[in-house]
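Biologist: I am new to this structure. Could you walk me through how to read its features?
Modeller: Gladly. Let us look at it together.

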Amino acid sequence: MTPDPSQPAARPAPLLRVVRGDPTPEEVAALVAVLTARARA
């Protein structure tokens, strides 16, 4: 089935979600770096 171009593309669910606070882009990047390093270990 071909997607309908008039409909917005479905976005996947986010892997991370901030539920409290307002992190800076640097804080989010640090968190992603730690989780990535941990997943590779």
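Biologist: Does R40 count as buried or exposed, and why?
Modeller: This is a predicted model, to begin with. Exposed means over 50% relative accessible area. R40 has 72% relative accessibility, so R40 counts as exposed. R40 lies in helix α1.

Biologist: Where is V28 placed?
Modeller: V28 sits in helix α1, which covers residues 25–40.

Biologist: Which residues make the nonpolar surface patch?
Modeller: V28 is one of them, together with L15, L16, L31, V32 and L35. The patch has an area of about 560 Å².

Biologist: How many helices and strands are there in the protein?
Modeller: There is one helix, and there are zero strands.

Biologist: What share of the residues is buried?
Modeller: Buried means under 20% relative accessible area. Of the 41 residues in the protein, 0% are buried. The protein exposes about 4,500 Å², and carbon and sulfur atoms supply 60% of that area.

Biologist: What does the C-alpha trace span along its principal axes?
Modeller: The span is about 40 × 30 × 15 Å. Take one pair as well: R40 and D4 are 36 residues apart along the chain, and their C-alpha atoms are separated by 38 Å.

Biologist: How far apart are the mean positions of the positive and negative charges?
Modeller: The protein has 5 positive and 4 negative charges, and their mean positions are 12 Å apart.

Notes: Residues are numbered from 1 along each chain as its sequence is written. This is a predicted model: local features need pLDDT of at least 70, side-chain atom pairs count only at pLDDT 80 or more; totals for chains, interfaces and linings use all residues. Side-chain values use heavy atoms; hydrogens and water are left out. Patches are made of residues with over 30% relative accessible area and no salt bridge: like charges are joined within 9 Å, nonpolar side chains (Val, Leu, Ile, Met, Phe, Trp, Tyr) within 5 Å. Accessible areas come from the Shrake-Rupley method with a 1.4 Å probe; for residues, only the protein chains shown count as cover. A salt bridge is a side-chain nitrogen of Lys or Arg within 4 Å of a carboxyl oxygen of Asp or Glu. Helices (H or I, at least four residues) and strands (E, at least two) are DSSP runs, numbered from the N terminus. Buried means under 20% relative accessible area, exposed over 50%, partly exposed in between (1.4 Å probe, protein chains only). Lys and Arg count as positive and Asp and Glu as negative; His and the chain ends are not counted. The place of a charge is taken as NZ of Lys, CZ of Arg, CG of Asp or CD of Glu.
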